Amino acid sequence: MDVDAIQRRILALETEYVVAIVIGIVTLLVIILARGFSGSRKKDTLLMIGLPTTGSTALYYKCFFDEEVETHTSMQENVTIASIGSKRVERKVVDYPGHHRLRPGLSQYLYDAFAIVLVIDSVNWEQHLSANAELIYTILTDPKIVLTKPQPKLAIACTKRDIDHSYKSNSIKKQLEQEIEKLRKTKTNVISQLGKDGSDAELRLGVSNQPFSFTAHSTLDTTFLDVSAVDAPEAFFREGTKPLKAWIDTIL
């Protein structure tokens, strides 16, 4: 075989290798894109969030570590791997600070959450009503939360119920529905505020001619809970974290 023939053979082999590599890359990209558009992803995080001074961190320690701790406003999330529920299933549990400046970092946990626990102060809920309604609205209209499978469950945990002038979750629920209805009427095609780049518009929430109702219009399975982060046998509310733990059992 002459030199020209050898060179042609080498060139042909190189071309075959390049074509094979290109086909392999294209195939891999197709698989990745198919999985991405299928709307399915592994979700292994139980996420607790709450506005500053709400008491979400105290609830986090009491529910998952059975510890009553004095907490202060934090700028850093608490992350642990815990055995949760009566089945002692191992999951990542995250207590994320509620300060608005930290909101962009929240999305990474929201998108990996199989359960979202929004903690509301049942004593001072009125002064935070608008901010809590805004956060709930944002969660319920974010397509990357609502449209992915499996869809996360949402619990709105009204804490500090051991305090005698606290409000029941049903009362807070009604006020949140009214506040979200105001948002729903004014916020159409608004970009989600969860730290995204603005490429995804929010979903529409509810029906235009009906007042918003969690039961009828929530885009996520939503449960309201009365809870407390302290053991108070002498108080009128003595359930502590039992309602939250029972809810966790139902979703595992």
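Reader: What pattern does the protein chain follow when read along the sequence?

Author: This is a predicted model, and its chain runs α-β-α-β-β-α-β-α-α-β-α-α-β-α. That comes to eight helices and six strands.

Reader: Why are α4 and α6 called roughly perpendicular to each other?

Author: Helix α4 covers residues 129–140 and helix α6 covers residues 169–186, and they pack at an angle of about 65°. Angles of 65 to 115 degrees count as roughly perpendicular, so that is the label α4 and α6 get. Their axes are 9 Å apart, and the crossing is right-handed.

Reader: How do you know that α4 meets α6, and which residues are involved?

Author: Contact means heavy atoms within 4.5 Å. On the α4 side, L129, S130, N132, A133, E134, I136 and Y137 take part. Their partners in α6 are Q175, L176, E179, I180, L183 and R184.

Reader: What makes up the contact of α4 with α6 by class?

Author: Seven nonpolar, three polar and three charged residues. Leu, Ile, Ala and Tyr are among those that count as nonpolar, while Glu and Arg count as charged.

Reader: What share of the protein chain is buried, and what does "buried" mean here?

Author: Buried means under 20% relative accessible area, and 44% of the 252 residues are buried. The chain exposes about 14,000 Å², with carbon and sulfur atoms supplying 53% of that area.

Conventions:
Residues are numbered from 1 along each chain as its sequence is written. This is a predicted model: local features need pLDDT of at least 70, side-chain atom pairs count only at pLDDT 80 or more; totals for chains, interfaces and linings use all residues. Side-chain values use heavy atoms; hydrogens and water are left out. Axes are lines fitted to C-alpha atoms, for helices over the stretch in contact, and angles run from 0 to 180 degrees between N-to-C directions. Helices (H or I, at least four residues) and strands (E, at least two) are DSSP runs, numbered from the N terminus. Angles under 35 degrees count as roughly parallel, over 145 as roughly antiparallel, 65 to 115 as roughly perpendicular and the rest as oblique. A crossing is left-handed if the near helix is turned anticlockwise from the far one by less than a right angle, and right-handed if clockwise. Buried means under 20% relative accessible area, exposed over 50%, partly exposed in between (1.4 Å probe, protein chains only). Accessible areas come from the Shrake-Rupley method with a 1.4 Å probe; for residues, only the protein chains shown count as cover.
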